[in-house]
Amino acid sequence: MSQVLDSTVEAFLQAANPAPPPVLEEMTDYGRDQNFPVVGPDVGRFLRVVARLADASRVFEFGSGFGYSGAWFLGALPDDGELVLTDYDEENLETAESFLSRLDTDATVHYETGDAMATFEAYDGPFDVVLVDHEKSKYVDALEDLRGDLAPGGVVVADNMMAGPVEPEAVTEALRGADPVDDHTASVARYIEHVRDDPEFETAFVPLGEGVAVSVKTQ
Ligand SMILES: C[S@@+](CC[C@H](N)C(=O)[O-])C[C@H]1O[C@@H](n2cnc3c(N)ncnc32)[C@H](O)[C@@H]1O
């Protein structure tokens, strides 16, 4: 996972944060071994805090991979909570189930293979927190699809605003009006402009991990 923070701040976060629970440590190692792009422990911990601040009981993920971000969310959900994981790849979700079933929780986890956008349509809202971490070209469409099913005060977190498939300098230049250097950069810049100008949301950009946009539904 690429990071946008410099090594001094990374070292601080490592020293300040407690060690993740053992299953999360295993999942971090698994992601590293498989070279699988996950949000990483700093964003994972942040997602958990977001879920607690939103008093979340229902969380939906667009793009769950092998369940790493989901595992962080799960720790914040009450026993009657619900977490919907989506991925094109059934094997990823089987791996997710093998990890998440070891966590001490009574919340329900749904493992949905297929297109996350179609899966979202099949569920009734409201959701309290939604993570957007699938194809960058679909971020704006996901926001438009989910807005009606987000609880008042609900939160949308979108990953890869600054790194991963994009470079922070390239996104900055695109936001300043330059031609985007590639499709990923164009998609991320489009999402940033779309969500920051949306009167229904208040958005902050947080440079943890690969950079997340955190948007709270205010209307
Ligand atoms: C960056 S990974 C997700 C990582 C995960 N959020 C985490 O941090 O643990 C993106 C995943 O989204 C999946 N994906 C991409 N587009 C998708 C779509 N339209 N529907 C479902 N899954 C999708 C990919 O298969 C991949 O596993």
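User: Which residues are closest to the ligand, and how many surround it?

Analyst: In this predicted model, 19 residues surround the ligand, and the closest are D87, D115, A116, D133 and E135.

User: What classes of residue are in that shell?

Analyst: The shell around the ligand is made up of eight nonpolar, seven polar and four charged residues.

User: Which side chains have a polar atom by a nitrogen of the ligand?

Analyst: Two examples are D115 and D133. D115 has a polar side-chain atom 2.9 Å from a nitrogen atom of the ligand, and for D133 the distance from a polar side-chain atom to a ligand nitrogen is 2.8 Å. There is a backbone case too: a polar backbone atom of Y68 is 3.4 Å from an oxygen atom of the ligand.

User: How much of the ligand does the protein bury?

Analyst: The protein buries 89% of the 600 Å² that the ligand exposes when taken alone.

User: New topic! Which residues of the largest nonpolar core touch the most other members?

Analyst: That core has 38 residues, and the ones touching the most other members are M27, Y68, F73, L74, L83, L100 and V157.

User: Which element gives the largest share of the core?

Analyst: That would be α4, with five residues. Elements that each supply at least two include α2 (22-34), β2 (82-87) and β5 (150-158).

User: And what does F73 touch?

Analyst: Leaving out residues up to four places away in sequence, F73 touches L47, A51, V59, E61, L83, V129 and L131. Apart from this core lies another one, of 28 residues, including F62, F120, V188 and F201.

User: Let's do R58. Is that buried or exposed?

Analyst: R58 has a relative accessible area of 15%, so it counts as buried, since the cut-off for buried is under 20%. You'll find R58 in strand β1 (residues 58-62).

User: What does its side chain reach?

Analyst: The side chain of R58 reaches the backbone oxygen of P126, at 3.0 Å. R58 touches both G125 and P126, along with others including E82 and Y123.

User: Which residues have a positive phi without being glycine?

Analyst: N35 is one of them, with phi of about 55 degrees, and D55 is another, with phi near 50 degrees. N35 is in the loop between α2 and α3, while D55 is in the loop between α3 and β1.

User: Are those two buried or exposed?

Analyst: N35 is exposed, at 69% relative accessibility, and D55 is exposed as well, at 66%.

Notes:
Residues are numbered from 1 along each chain as its sequence is written. This is a predicted model: local features need pLDDT of at least 70, side-chain atom pairs count only at pLDDT 80 or more; totals for chains, interfaces and linings use all residues. Side-chain values use heavy atoms; hydrogens and water are left out. A residue is near a molecule or strand if one of its heavy atoms lies within 4 Å of it. A polar contact is a pair of N or O atoms within 3.5 Å; within protein, one must be able to donate a hydrogen and the other to accept it, and residues adjacent in sequence count only if both atoms are side-chain atoms. Accessible areas come from the Shrake-Rupley method with a 1.4 Å probe; for residues, only the protein chains shown count as cover. Ala, Val, Leu, Ile, Met, Phe, Trp, Tyr, Cys and Pro count as nonpolar, Asp, Glu, Lys and Arg as charged, and the others, Gly among them, as polar. A nonpolar core is a set of buried Ala, Val, Leu, Ile, Met, Phe, Trp, Tyr and Cys residues joined through side-chain atoms within 4.5 Å. Buried means under 20% relative accessible area, exposed over 50%, partly exposed in between (1.4 Å probe, protein chains only). Helices (H or I, at least four residues) and strands (E, at least two) are DSSP runs, numbered from the N terminus. Contact means heavy atoms within 4.5 Å.
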